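Let's take a walk through this model together, helix by helix and ring by ring.

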Amino acid sequence: MPPQTSLWQSLGRLYPHIKPILPRLFLGFLSAIGASVVALAIPQVLRVLVNSYLSPGGAVTALWWATGIVLVLGTLEAVFMALRRQFAVAPSTIVETSLRTSFYRHLQDLSVAFHDRWGSGQLLSRAMSDLNLIRRWMAFGALMLIVTALTVLIGVTIMFFTAWQLAIVFLLAAVPIVVYGFRFRRFYGRVSRKSQDQAGDLATTVEESVHGIRVLKAFGRSSEALDAFEEQAEGLRQTEVFKANSLAKFSLVVTLLPEAALAVSLVLGILLVNDGQVSIGALVAFFATAAVVAGPVESMGPLLSMTLTAATAIDRHFEVMDAKRTITDPEHPATPDTVHGQLSFEDVHFAYPDASADRKDVLDGVNLALRAGETLALVGITGSGKSTLLQLVPRLYDATAGSIRIDGIDVRDYPLQELRRIVSVAFEETTLFSSSVRENVLLGADAANDAEAEHLLREALEVAQAQFVYSL
């Protein structure tokens with residue numbers, strides 16, 4: 001597991017991507033704050049109502065005024081909540097799509113050596129699940145965490161002005177919550193990262209098993225594969241249960257302590273009313289405000305959990321995005337007018353990037369020359385480096401020493417796109433993409449129009465003696 005970054009470092013890396021939509025997110029934030037402020041205003045209406053209409057000689061018109069004001073405030077709260085969703089949801093999906101597209105583009109640019117080291121499920125979980133988490137955090141979690149904290153702050157301030165003696169009791173209960181919250185943040189971040197990594201490993205297992213299902217069935221190894229999968233799935237389940245239990249304990253603390261404080265405040269409030277230090281209306285307003293604040297306090301746990309999970313998702317995303325391209329275009333590319341096809345290997349050495357220093361090179365001083373139009377059969381035992389030698393020509397890997405030349409020009413001097421246009425490799429393992437036969441056959445074909453594409457398709461199928469595909 002890579003070193004854990006701080007919460008602010010992780011979230012800060014997302015800022016350049018969020019910056020274009022900040023105005024919309026800020027409007028969503030203002031809408032959410034508006035909804036909270038309106039909700040906190042309703043208890044003050046109740047305070048005035050209790051102290052006026054319910055007091056001796058109170059006018060009945062005060063009841064109708066209070067009812068109308070509460071109705072208007074309730075409607076405003078609903079409108080503000082709808083505006084929050086309108087402002088925040090659509091822009092966050094734009095950022096998600098942009099991040100996913102740039103992620104996929106970067107994967108295409110990274111060398112084969114990178115893909116050799118990474119499981120496909122890990123990359124898939126980062127491209128789909130992690131970015132989905134980040135989008136939901138942008139649209140909801142980030143806004144609501146800030147709004148929740150401000151709502152609690154404003155609510156407690158109002159409670160102070162309403163009945164400061166009772167507000168002190170409420171504040172005393174908040175001290176252990178803050179202390180426990182800091183400990184929970186550090187701990188939960190590590191557990192969340194472990195869970196997401198395990199989910200990626202599990203996705204890799206599923207992908208590899210589906211891809212190799214014929215091998216598993218042919219060799220009767222389905223039960224062994226299932227046992228291994230169950231072990232991984234159980235490990236993920238235990239981590240998720242541990243996460244849930246940790247969050248449940250935190251939610252217990254942030255719910256129980258304020259409720260206990262309110263119970264103490266109720267007894268103290270009745271005594272203060274009896275002594276005339278607090279009015280009945282103030283006591284009603286205090287507990288009505290506390291009821292409004294209670295919701296945000298209870299939601300702090302899930303919102304903090306969502307933020308920590310999003311932070312680990314951001315870390316996982318940038319682990320891939322920070323990977324450097326080791327095979328790049330030359331600074332001064334060669335652009336020959338024609339390509340004849342003469343290929344030569346001159347004292348070529350190659351060792352895989354993850355090979356130990358004391359291991360012998362896979363290719364150790366290869367010299368080979370092929371004339372244009374010549375056909376050569378390269379024969380050797382498994383692991384002798386035949387496939388590796390071929391993959392050096394289109395620069396799927398780069399030779400660690402020596403040079404490979406096409407028509408006398410080093411392949412590292414060709415632009416990558418041009419090099420891979422003039423060099424074709426037929427791999428041992430056939431990969432079929434989820435599209436039509438036509439699209440699979442013509443993948444990489446440089447057809448100028450539909451007619452030429454049709455001609456190339458017919459020619460390819462005739463060479464492969466695969467006319468049966470016309471009946472598919």
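Helices are DSSP runs (H or I, at least four residues) numbered from the N terminus.

Before going on, know that this is a predicted model, where local features need pLDDT of at least 70 and side-chain atom pairs count only at pLDDT 80 or more, while totals for chains, interfaces and linings use all residues. Residues are numbered from 1 along each chain as its sequence is written, and side-chain values use heavy atoms, leaving out hydrogens and water.

So which residues of α14 are buried? They are Ala453, Leu457 and Leu461. They sit on the same side of α14 because they cover an arc of only 65° around the axis, the arc being that of the directions from the helix axis to the C-beta atoms. Part of their cover comes from α13 (437–441).

Now for the ends of α14. At its start, a side-chain oxygen of Asn449 comes to within 3.2 Å of the backbone nitrogen of Ala451. Just after α14, Gln465 has a positive phi of about 50°.

The expected span is 1.5 Å times one less than the number of residues. For the 14 residues of α14 (residues 450–463) that gives 20 Å, and the end C-alpha atoms are 20 Å apart, which agrees. Helix α6 (residues 120–162) has 43 residues and should span 63 Å; its end C-alpha atoms are 59 Å apart, which agrees. Yet α6 bends by about 50° at Trp137, the bend being the angle between axes fitted to the seven residues ending there and the seven starting there.

Is Gln165 buried or exposed? It counts as buried because its relative accessible area is 16%. Leaving aside residues up to four places away in sequence, Gln165 touches Leu268, Leu272, Gln277 and Val278, where contact means heavy atoms within 4.5 Å.

Finally, the rings. The whole structure holds 5 aromatic pairs. Phe114 and Trp118 form a stacked one, 5.4 Å centre to centre with 25° between the planes. Rings of Phe, Tyr and Trp (its six-membered ring) pair if their centres lie within 6.5 Å, and planes under 30 degrees apart count as stacked, over 60 as edge-to-face and the rest as tilted. Phe114 is buried at 4% relative accessible area, whereas Trp118 is partly exposed at 22%. Elsewhere, ring pairs link Phe350, Tyr352 and Tyr397 into a cluster.

Conventions:
Helix = DSSP H or I, 4+ residues; strand = E, 2+ residues; numbered from the N terminus. Buried < 20%, exposed > 50% of the residue type's maximum accessible area, 1.4 Å probe, protein only. Polar contact = N/O pair within 3.5 Å; in protein donor to acceptor, adjacent residues only side chain to side chain.
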